[in-house]
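Hello,

Here is the structure I promised to pass on.

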Amino acid sequence: MSVSASAENLSTDAQSCDGGSMCLELALEGERLCKAGDCKAGVAFFQAAIQAGTDDLRTLSAIYSQMGNAYFYLGEYHKAVQYHRHDLTLARTMNDKLGEAKASGNLGNTLKVIGKFNEAIQCCLRHLEISRSLGDRNSEGRALYNLANVYHAQGKHLGKVGQNDPGHFPQEVRECLLQAVNYYEQNLVLMRELNDRLAIGRACGNLGNTYYLLGEFNVAVQYHTERLEMAKECKDKAAERRAHSNLGNSHIFLGQFENAADHYKQTLAIAEELKDEAVVAQACYSLGNTYTLLREYRIAEEYHARHLEAARKLQDRVGEGRACWSLGNAHAALGNHEKALYYAIEHYTISKEICDVLGMATAQMNINDLRKVLGLPPLAEAAAAQPAPQDQAGSSQTPFNALRVRRQSMEQLSLIQLTPDGKKDPEDAQKKAVLMRSESEDSPMESFLDLLSKYQSERMDEQRATLVETKEIQETPKPTEKPKPSSSKLFRSSSSGSKQYDSNEALLDMITDLQSERMDSQRAELRPIKKKLSKEMKGTSLPGLRTARVAGAKPEDDFLDMIARVQGTRLDDQRTEMPRPKADPRPKTVPDDDFFALIMRAQSGRMEDQRAAIPKPAENRQSKPAPKPRK
């Protein structure tokens, strides 16, 4: 929930400043473009306004706030943080409490998105404190809502670390979620007093989501039901669709699969009405899994087929893999083993394409099971009968032998040829190699270790360093002269009988002599501090601030000194970080991973019921009596 100051209310004051009218006109045009949805063009006008400059702090504060919000909507969060900090600094400078509250709220929202939750909490608490001191109940409601959102996001972020079910998170995650519940409930009470229906609906929806994560699914259903009523009252179709989806998820955990299917059907109908193809695919996926839990595999197969069609249309390869896996299970349960094998192979192909190792393992297990049912040899035996294609190193390209691949080329390599003796006398080396292979037949490991120890020991002397003193320094010094320190040089020895120093002092002197010449090159040079640096920083501490129009030199210096002092402690926070990888613009046709995990967990107890039995030989089947027909 971002709040920005408008530049329209600043026209009278800004027009009185020489040159400020150009800055104001550019800012107003940028604000108009942002309201029209063209934030990128709006940012360009705001930057031009800053280049034009102004000495009116309220105008500059409004520009900073608008630029921060524009960068937020463009997804450039670190730039948004930078301009919201500028806005907060100016608000504190002007002692504008309401402006400080708004800037703190905007900054807290942005810090939450980039994962700096502790800083975001401090900003939101400051927003709440100022709002309560001013008696502004609307601003207080926004502060409570923002603070709850930060705690909720922090709890979800910490909960992603492990594979935890809703209601079984670690204590630190539960504490964050309970704090979120506390502030959401305070916000809900305040919004009921103000009779803000939209805000009441938002609070109920967020409370339902938080109680869902805490494992209190009955309470979650109550809040989501109220959220659904508010969405219908306000005729908000998107919110109505989200409420139905959340209700379906909660009913799944309560084991009420029929109710869940009804809500998912409502979700599908609204998504089709809104022409949201990605949500349509997600609803079909959820319905297919729900009917699988109900063991109505024919209906499940229909919904999974619709999901596969939508995923192919939207080019969602992850969704295609999930759909093929689900279709394979549905056809196996229906007894269509040929179709099940086809979809299992498709699942394996897609998983290999997207580098999903777990998906490849699951698909290959299904393929082997289905081949046994169809009387075909297992995949491993088929691969042995017809070798799989190999790479240049000669290893098969499957995900399983990739985990336990062996270097076949190293097993065929004669280690004796790598030794100095092997290079000097090839015939003798060949004899030793033959001897090595004959010994390795009896005890491969012992012969290999003996061979390694033998030829490595002969190289030890080659790697030793010999201390050789230079002749110039070996001359006897005169009695009147001080003896010069012995200068030693390090040479590589090629023989094993080289002379070595036995004295530790001589070795230490040699090391000191060699290293002392490099000390100065590694020292850091202290450059003198320029006296004009502080004066240069005064003009560049805040972009767009013009100081030439301020009457009187001393107030100008005091103000800029204060700005530089406040900003000086925030330099690290304003540094540019590496940009995050952009998310895949293609829509997702699969719900969140936590929902997929809950379906997997719910089905895990029924895996044995869904497995196809291997048909027995004909003689065994003839000996058994035919089963009685069901009444």
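Let me start with Leu 507, which counts as partly exposed because its relative accessibility is 38% (partly exposed lies between buried, under 20% relative accessible area, and exposed, over 50%, with a 1.4 Å probe and protein chains only). Leu 507 sits in helix α24, residues 504-516 (helices are DSSP runs of H or I, at least four residues, numbered from the N terminus). Together with Leu 508 and Ile 511, Leu 507 forms a nonpolar patch on the surface, with about 260 Å² of accessible area in total.

A word on the basis: this is a predicted model, where local features need pLDDT of at least 70, side-chain atom pairs count only at pLDDT 80 or more, and totals for chains, interfaces and linings use all residues. Residues are numbered from 1 along each chain as its sequence is written, and side-chain values use heavy atoms, leaving out hydrogens and water.

Now to the inside. The largest nonpolar core has 42 residues, and Leu 111, Leu 147, Tyr 183, Leu 188, Leu 207 and Tyr 211 have the most contacts inside it (a core joins buried Ala, Val, Leu, Ile, Met, Phe, Trp, Tyr and Cys through side-chain atoms within 4.5 Å). Helix α9 gives this core its largest share, nine residues. Apart from that core lies another, of 21 residues, including Cys 23 and Phe 72.

Residues 61-94 are 88% helix and 0% strand; residues 241-274 are 91% helix and 0% strand.

Best wishes

Technical notes
Helix = DSSP H or I, 4+ residues; strand = E, 2+ residues; numbered from the N terminus. Patch = residues over 30% accessible without salt bridge, like charges linked within 9 Å, V, L, I, M, F, W, Y side chains within 5 Å. Areas by Shrake-Rupley, 256 points an atom, 1.4 Å probe, with all protein chains shown as cover. Salt bridge = Lys/Arg side-chain N within 4 Å of Asp/Glu carboxyl O.
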